[in-house]
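Below is a protein chain with its sequence.

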Amino acid sequence: MKVQPNRNQFKIILNGSAKSIRDQLYIQGDKVFTKLFGTDVLNHDSLIVSICLFGTRKIEGISVSTNVNKDYLKTLCYCAASILDHSITPGKGIWKISDVSSFYEKIIHRTTSLESSTIASYLNNNEKDYLRNKLDVGHWRTACEN
């Protein structure tokens with residue numbers, strides 16, 4: 001890794017299998033994605049980290065920026081949706097996650113505290129209230145059943 005403090009950047013220098021995987025992602029300078037990559041490239045952890053690092057909250061949900069070529073973006077979204085068990089749609093240079101409260105409920109028990117709290121920061125007030133009320137009802141039911 002090479003730190004460039006004047007530019008507020010750092011550069012990761014790849015070697016071995018990481019370099020091989022990165023080289024597979026490009027065809028003639030365009031970043032591509034195919035289903036052939038397998039779980040070593042695209043898995044639950046890599047998707048969650050991408051959401052945490054590159055996601056931004058928009059009105060319709062979470063948008064995650066990408067430089068995957070538009071011809072391969074639908075394949076990426078299809079595979080990511082299968083892995084995360086949630087609807088993901090392609091956009092121009094982004095993939096989008098709608099129904100953020102439902103998405104949060106699905107991933108909260110499969111992520112670290114840091115990841116789930118980062119994704120929780122994407123929740124708007126209505127979604128937070130919905131989840132808060134749902135949690136309160138669940139605790140109330142549990143207390144009454146015991």
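## A loop residue to start with

Does Asp85 count as buried or exposed? At 52% relative accessibility, Asp85 counts as exposed, where buried means under 20% relative accessible area, exposed over 50%, and partly exposed in between (1.4 Å probe, protein chains only). Asp85 sits in the loop between H3 and strand S7 (88–90). Its phi is near 55 degrees, which is a positive value in a residue other than glycine.

Asp99 also has a positive phi, of about 50 degrees, although it is not a glycine. This residue lies in the loop between S8 and H4. Asp99 counts as partly exposed because its relative accessibility is 45%.

## What kind of model this is

This is a predicted model, in which local features need pLDDT of at least 70 and side-chain atom pairs count only at pLDDT 80 or more, while totals for chains, interfaces and linings use all residues. Residues are numbered from 1 along each chain as its sequence is written, and side-chain values use heavy atoms, with hydrogens and water left out.

## The chain as a whole

The secondary structure comes to 6 helices and 8 strands. Helices (H or I, at least four residues) and strands (E, at least two) are DSSP runs, numbered from the N terminus. Along the sequence, the pattern reads β-β-α-β-β-α-β-β-α-β-β-α-α-α.

The chain has 146 residues, of which 30% count as buried. Contact means heavy atoms within 4.5 Å. Among the contacts in the chain with a separation of 6 or more, 54% are between residues 24 or more positions apart.

## The nonpolar core

A nonpolar core is a set of buried Ala, Val, Leu, Ile, Met, Phe, Trp, Tyr and Cys residues joined through side-chain atoms within 4.5 Å. The largest one here has 27 residues, and those with the most contacts inside it are Ile48, Ile51, Ile88, Trp95, Phe103 and Ile119. Two or more residues of this core come from each of helix H2 (44–54), strand S6 (61–65), H3, strand S8 (94–97), helix H4 (100–107) and helix H5 (113–120). H3 gives the most to this core, with 7 residues.

What is Ile119 in contact with, leaving aside its neighbours within four places in sequence? The partners of Ile119 are Ile48, Ile51, Cys52, Phe103, Tyr104 and Ile107.

Leu76 is a residue of helix H3 (residues 70–84). Leu76 counts as buried because its relative accessibility is 7%.

## How H2 meets H3

H2 and H3 pack at an angle of about 105 degrees, and their axes are 10 Å apart. Axes are lines fitted to C-alpha atoms, for helices over the stretch in contact, and angles run from 0 to 180 degrees between N-to-C directions. H2 is therefore roughly perpendicular to H3; angles under 35 degrees count as roughly parallel, over 145 as roughly antiparallel, 65 to 115 as roughly perpendicular and the rest as oblique.

On the H2 side, the contact is made by His44, Leu47, Ile48 and Ile51, and on the H3 side by Ala80, Ile83 and Leu84. These residues divide into 6 nonpolar, 1 polar and no charged. Here Ala, Val, Leu, Ile, Met, Phe, Trp, Tyr, Cys and Pro count as nonpolar, Asp, Glu, Lys and Arg as charged, and the others, Gly among them, as polar.

## Salt bridges

A salt bridge is a side-chain nitrogen of Lys or Arg within 4 Å of a carboxyl oxygen of Asp or Glu. How many salt bridges does this rule give? The count comes to 3. In one of them the side chains of Arg57 and Glu127 meet, at 2.8 Å from N to O. This pair links distant parts of the chain, with Arg57 in strand S5 (residues 55–58) and Glu127 in helix H6 (residues 125–145), 70 residues apart. Arg57 is partly exposed at 27% relative accessibility, whereas Glu127 is buried, with a relative accessible area of 13%.

Lys134 forms a salt bridge with Glu105, and their closest N and O atoms are 2.6 Å apart. This pair also links distant parts of the chain, since Lys134 is in helix H6 and Glu105 in helix H4, 29 residues apart. A salt bridge also joins the side chains of Arg132 and Asp129 (2.8 Å, N to O). Arg132 and Asp129 are separated by about one helical turn, because they are 3 residues apart in helix H6.
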